[in-house]
Amino acid sequence: MGDGSFVTLSREEVLRDVEEGVADAVKRGKIESLSTDEIEHIVDICCRPQKFVSVEKGNELVLTYDSGTLKVTRLGIPIGMPQIMQLYERVFAADTLELAYVHYSFKPIKSIVPEEQYAVAETSLVTAAPLLYGAMPNLPLYTQPDGPCPNAAELLPMGKIKEAKQAQEEAAEYAIKDMVFVSSGVYEAGADGIDFDTTAAAGDAEFYATLKATEKLREKYPEMAIEIGMAGEFVLGFHGELEFDGVRLAGLYPHKQVKLAEKAGASIFGAVVNTNSSRTFPWNLGRAVTFCKACVEVADIPVHANVGMGVGGVPLVMTPPIDCVSRASAAMAEVGKLDGL
Amino acid sequence: MGGIRTAGDLVARMQLSRKMRLKEAKEYVADKLKISVDELADEVIMNELRRDLDIGDVYAGMGEQARGIEAKFRIASLLDVDINSVQRFLKKTKWQ
């Protein structure tokens with residue numbers, strides 16, 4: 001199940017749930033359905049008896065990561081970031097590396113950019129794989145009492161719509177400034193680029209800020225690698241009227257998000273489809289692959305699906321079952337035709 | 001895909017630096033390495049090839065394999081791409 005609990009399903013029940021998940025994505029996203037063969041392929045992947053499954057030779061994908069170094073820090077292993085990156089490269093055989101500070105947001109990182117530059121510069125000398133620096137735009141950190149802007153989440157229930165919109169616009173400007181400042185610092189220290197992780201977690205104003213920051217960075221550094229990884233499948237319209245390149249941001253699904261990421265200058269787009277914890281794994285997987293495939297088909301840049309705790313069909317638990325993670329990964333590669341995860 | 005155990009880092013680098021889709025990135029790297037696309041993720045073939053080309057592998061402590069920035073100099077030349085840390089190294093050592 002999407003909450004990680006174990007259930008036993010017949011092949012007919014798996015087929016039914018995959019079909020229903022696909023239909024849900026088609027209805028919500030107004031996108032093409034998967035073909036009968038593609039649905040059968042997902043059912044086959046779900047019904048394989050092995051606990052861990054993989055792709056056919058030749059269908060391997062490359063991986064980018066979010067909060068890379070934090071995955072080790074969170075386990076309570078007290079080693080430095082350059083050494084964690086060496087472990088990723090030589091022990092985990094990671095295709096790419098992502099260096100990240102424990103306070104994984106641009107606002108707190110702004111004040112420690114020199115220290116982060118040391119880590120980036122040191123890591124770039126001792127690793128060969130592409131090195132990204134990652135952080136979250138995290139717009140709510142710019143709202144009172146933690147930040148300078150009025151809190152839109154408090155203004156909206158009071159009916160202060162205009163003030164709430166102004167507050168979000170103000171916060172977006174602060175966020176753009178911080179994203180450009182931090183990204184510039186780590187790029188000039190030697191990183192190959194930046195990963196904007198969980199973009200639009202705070203809705204359309206945060207997506208707007210990230211797209212504008214990407215646009216500025218692309219103009220400043222034409223060769224910089226920029227990955228925009230999303231927070232959810234649907235851009236929430238907390239503001240409701242913000243636009244980028246003439247397109248209203250509220251309500252966009254991945255196949256429309258990616259076109260704006262391209263326009264802004266992103267190198268890789270990270271598509272996200274959220275897991276419904278009360279539905280089955282086949283339902284969530286069918287739904288996630290349908291959304292991601294629609295995104296891949298319209299994209300002109302590589303698309304990496306987010307496949308992890310609570311996204312990409314994977315159950316929302318701290319220790320995602322490997323049978324689900326491996327099946328989701330295989331389906332994303334072979335049916336979704338993703339460029340990476 | 002296997003990172004520096006295979007050609008995963010090289011394929012990923014082409015996605016990040018040139019915005020290449022997966023198929024195009026694999027074909028580009030395979031062409032530069034003069035191997036087939038299927039061989040890119042073969043650990044044995046790639047380990048030998050990475051040693052021959054001296055572009056770094058997971059056994060960085062054994063022999064005299066290029067490591068870290070040394071390997072990246074060679075990868076930049078092999079893939080015909082500018083790597084930011086390599087450019088910075090050249091600038092700081094006044095070689096360019």
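Buried here means under 20% relative accessible area. Keep that cut-off in mind. Ser124(A) has a relative accessible area of 4%, so Ser124(A) is buried. One more thing before we go on: this is a predicted model.

Let me stay with Ser124(A). It lies in helix α6 of chain A, residues 113–126. What is Ser124(A) in contact with, leaving aside its neighbours within four places in sequence? In chain A, the partners are Leu131(A), Ala189(A) and Gly190(A). In chain B, they are Ile69(B), Lys72(B) and Ser85(B). So this buried serine touches residues of both chains.

One of those partners leads to the next stop. Helix α8 itself covers residues 161–188 of chain A. At 1.5 Å a residue, its 28 residues should span 40 Å. The end C-alpha atoms are 41 Å apart, which agrees.

Now chain A as a whole. It has 12 helices and eight strands. How does its radius of gyration sit against that of a compact globule? For 341 residues, the globule value would be near 20 Å; chain A has 20 Å, so the two agree. The C-alpha trace spans about 55 × 55 × 35 Å along its principal axes. Buried residues make up 58% of the chain.

Contacts next. Take those in chain A with a separation of 6 or more. Of these, 76% come from residues 24 or more positions apart. As for surface, chain A exposes about 13,700 Å², and carbon and sulfur atoms supply 55% of that. On charge, there are 30 positive and 48 negative side chains. The centres of the two sets lie 3 Å apart.

On to chain B. How many helices and strands does it have? Five helices, zero strands. Along the sequence the pattern reads α-α-α-α-α. The radius of gyration is 13 Å, close to the 12 Å that the globule rule gives for 96 residues, so chain B is as compact as a globular protein of that length. Its C-alpha trace spans about 40 × 35 × 20 Å along the principal axes.

In chain B, 53% of the 96 residues count as buried. Among contacts between residues at least 6 apart in sequence, 41% join residues at least 24 apart. Chain B exposes about 4,800 Å², with 47% supplied by carbon and sulfur atoms. It carries 18 positive and 16 negative charges, and their mean positions are 10 Å apart.

Back to chain A, for a second residue. Tyr253(A) lies in the loop between β6, residues 247–248, and α10, residues 254–264. Is Tyr253(A) buried or exposed? Its relative accessibility is 12%, so Tyr253(A) counts as buried. Not counting residues up to four places away in sequence, Tyr253(A) touches Arg28(A), Gly29(A), Glu233(A), Phe234(A) and Phe291(A). One distance to note: Tyr253(A) and Ala271(A) are 18 residues apart in sequence and 9.2 Å apart in space, C-alpha to C-alpha.

Then comes the helix. α10(A) is mostly covered, with eight of its 11 residues buried. Among them are Pro254(A), His255(A), Val258(A) and Ala261(A). Glu262(A) is on that buried list too. Just after α10(A), Gly265(A) takes a positive phi of about 115°.

Last topic: backbone geometry to look at. Most residues other than glycine have a negative phi, and most peptide bonds are trans.

First, the peptide bond. Gln144(A) and Pro145(A) are joined by a cis bond, with omega about 10°. Pro145(A) is in the loop between β2, residues 131–135, and α7, residues 152–155, of chain A.

Next, Lys337(A). Its phi is near 55°, a positive value in a residue other than glycine. Lys337(A) belongs to the segment after α12, residues 322–334, of chain A.

Finally, Asp80(B). Where is Asp80(B) found? In the loop between α4, residues 69–79, and α5, residues 84–92, of chain B. Phi of Asp80(B) is near 60°, again positive in a residue other than glycine.

That is the tour.

Key: Residues numbered from 1 in each chain as written. Chains lettered and ligands numbered in written order. Predicted model: local features only at pLDDT ≥ 70, side-chain atom pairs only at ≥ 80, totals over all residues. Heavy atoms only, no water. Helix = DSSP H or I, 4+ residues; strand = E, 2+ residues; numbered from the N terminus. Rg over C-alpha atoms; globule rule 2.2 N^0.38 Å. Buried < 20%, exposed > 50% of the residue type's maximum accessible area, 1.4 Å probe, protein only. Contact = heavy atoms within 4.5 Å. Areas by Shrake-Rupley, 256 points an atom, 1.4 Å probe, with all protein chains shown as cover. Lys, Arg positive; Asp, Glu negative; His and termini not counted. Charge placed at Lys NZ, Arg CZ, Asp CG, Glu CD. Expected span 1.5 Å × (residues − 1).
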